Amino acid sequence: MDVTVVGSGPNGLAAAVICARAGLSVQVLEAQPTFGGGARTAPDPEFDVSHDICSAVHPLGLASPFFAEFDLAARGVQLISPEISYGNPLDDRPAAIAYRDLERTCAELEHGSSWRRLLGPLVADSQAVVKFLLGDKRSVPSGIVTVARLGLRMLQQAGPAWNVTLSGDDARALYTGVAAHTISRLPSVTTAGAGMMLATLGHTVGWPIPVGGSQTITDALIADLTAHGGRLAADSPVRKPPGPVVLFDTAPTELLSVYGDALPARYAKALHRYRFGSAAAKVDFVLSGEVPWSDPRLAQAPTLHLGGDRKQMAQAEATIAAGRHAPRPMILAALPHVVDASRIDAAGRRPMWTYAHVPAGSTVDQAETVIAGIERFAPGFRDVVVAVRSVPAAQLANHNANYVGGDIAAGGNSAWRALAGPTPRVNPWATPIPGVYLCSAATPPGAGVHGMAGYYAARTLLRREFGITQLPSLRP
């Protein structure tokens with residue numbers, strides 16, 4: 001076997017596809033009984049509905065350079081971008097809503113002109129924004145004027161000036177909800193980068209939902225891999241070196257248990273110092289009907305940020321970063337049936353996907369907290385809840401070993417790590433162990449279902465191990 005990939009998340013599968021298309025023999029080893037890592041869909045244990053295990057909404061499925069060339073649509077994956085990219089309900093006032101239409105968004109905000117000033121130039125050249133933020137950070141960026149504008153806005157939104165450059169409580173909440181996806185203190189360079197990219201995509205490709213669930217993305221990658229001779233094995237945890245050339249789509253600390261004393265001492269010390277971030281607690285629901293939002297416009301929003309206004313979200317994230325549970329944590333929610341009727345069963349039941357932000361390693365069941373957080377903006381929500389499937393943060397690693405302590409970014413939600421990687425290296429996808437590479441969310445460009453960490457790791461591996469400098473086409 002030429003290449004072994006450990007872990008079948010989107011990055012691992014992206015790397016495996018590239019290597020197989022380059023003519024190499026490839027095997028993927030997955031510890032779980034199913035493939036997909038952060039892009040899996042599983043049936044409810046009781047009702048005829050399915051739940052997305054980690055990711056449910058996929059703006060990067062359309063925007064990522066890897067997936068753009070791979071062309072999910074041509075492979076039968078339907079990514080439907082709704083009219084509303086995301087909504088942010090507020091207490092005692094109308095919700096803030098980000099439509100795909102930038103001008104409509106601005107028209108409904110109190111001070112829409114400040115939203116337009118912040119995002120308009122980035123939306124006009126969104127490809128430059130994506131190429132830079134999902135780039136390897138080691139190449140000269142294209143669209144230098146847009147990148148400069150992006151950098152200026154990130155600096156503004158990374159510190160106290162974020163209240164000066166964006167006016168209106170509704171616009172501030174709308175942006176903060178997106179920035180809070182990183183599960184880290186607000187504001188910061190990390191949250192500013194995430195906020196800029198995701199908000200820009202909200203007004204371009206949108207925030208699409210995959211018809212049938214996130215598993216369809218994984219299945220498309222697997223189909224291409226096997227068509228080019230690749231093999232996959234589930235229920236196959238790796239406890240010793242599995243081959244001479246190995247690519248790990250895992251938390252970097254996994255190398256400590258696999259290679260042990262074979263690790264160079266300095267590198268082992270760096271891995272022992274590696275720190276994971278704050279966590280998410282998963283709470284999935286089976287609902288009997290629609291969520292009774294106070295603002296009826298939200299009935300058309302598949303994705304919601306349930307944290308209140310900017311001040312409330314920032315306080316909650318600071319509390320969690322300090323290692324305490326927030327009384328009203330940031331909650332992310334998705335209702336895929338809004339655009340995908342196939343997610344509704346014959347009895348009218350449908351899934352609701354949520355995460356609550358919690359401290360690292362939290363063992364607290366967040367079901368009641370999440371229900372209360374939804375009731376805050378949708379009185380009567382309890383009445384439509386048929387079943388609750390709750391997984392505390394400390395147990396998420398049982399479903400995906402990369403989620404140490406419930407950190408769904410494997411320690412990768414950091415502006416520094418998005419640049420330098422898990423340990424400072426010129427090439428962050430390579431390790432000092434001969435033939436061993438990393439491609440998880442802990443490597444640049446960071447977390448998300450985009451496949452780009454796998455792309456860059458495969459590029460490095462092909463050149464160093466096999467002398468292949470021309471990457472294969474990814475077209476169907």
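**View 1. Salt bridge between Arg389 and Asp44.** In this predicted model, the side chains of Arg389 and Asp44 form a salt bridge with an N to O distance of 2.8 Å. A salt bridge here is a side-chain nitrogen of Lys or Arg within 4 Å of a carboxyl oxygen of Asp or Glu. The pair joins distant parts of the chain, 345 residues apart: Arg389 belongs to strand S15 (residues 385-391), and Asp44 to the loop between strand S3 (41-43) and strand S4 (50-52). Helices (H or I, at least four residues) and strands (E, at least two) are DSSP runs, numbered from the N terminus. By the salt-bridge rule the count comes to 18.

Residues are numbered from 1 along each chain as its sequence is written, and side-chain values use heavy atoms, with hydrogens and water left out. Local features need pLDDT of at least 70 and side-chain atom pairs count only at pLDDT 80 or more, whereas totals for chains, interfaces and linings use all residues.

**View 2. The protein chain.** The chain contains 16 helices and 16 strands. Its radius of gyration, taken over C-alpha atoms, is 21 Å, close to the 23 Å that the globule rule gives for 476 residues, so the chain is as compact as a globular protein of that length. The globule rule is 2.2 Å times the number of residues to the power 0.38. Along the principal axes, the C-alpha trace spans about 60 × 55 × 45 Å.

**View 3. Domain 1 and domain 2.** Domain 1 consists of 3-39 + 211-274 + 409-466, and domain 2 of 107-204; such bounds come from an automatic or database domain assignment. The C-alpha centres of the two domains lie 29 Å apart. In contact (heavy atoms within 4.5 Å) are 16 residues of domain 1 and 10 residues of domain 2. The area buried between them is about 910 Å², with 53% from carbon and sulfur atoms. Buried area is the accessible area (1.4 Å probe) that two parts lose on being put together, summed over both.

**View 4. Salt bridge between Arg459 and Asp136.** Between domain 1 and domain 2 the count is 1 salt bridge. The side chains of Arg459 and Asp136 meet in a salt bridge at 2.8 Å, N to O.

**View 5. The side of domain 1 that touches domain 2.** Helix H15 (415-420) and helix H16 (452-466) are the elements that give two or more residues to this side. H15 gives the most, with 4 residues.
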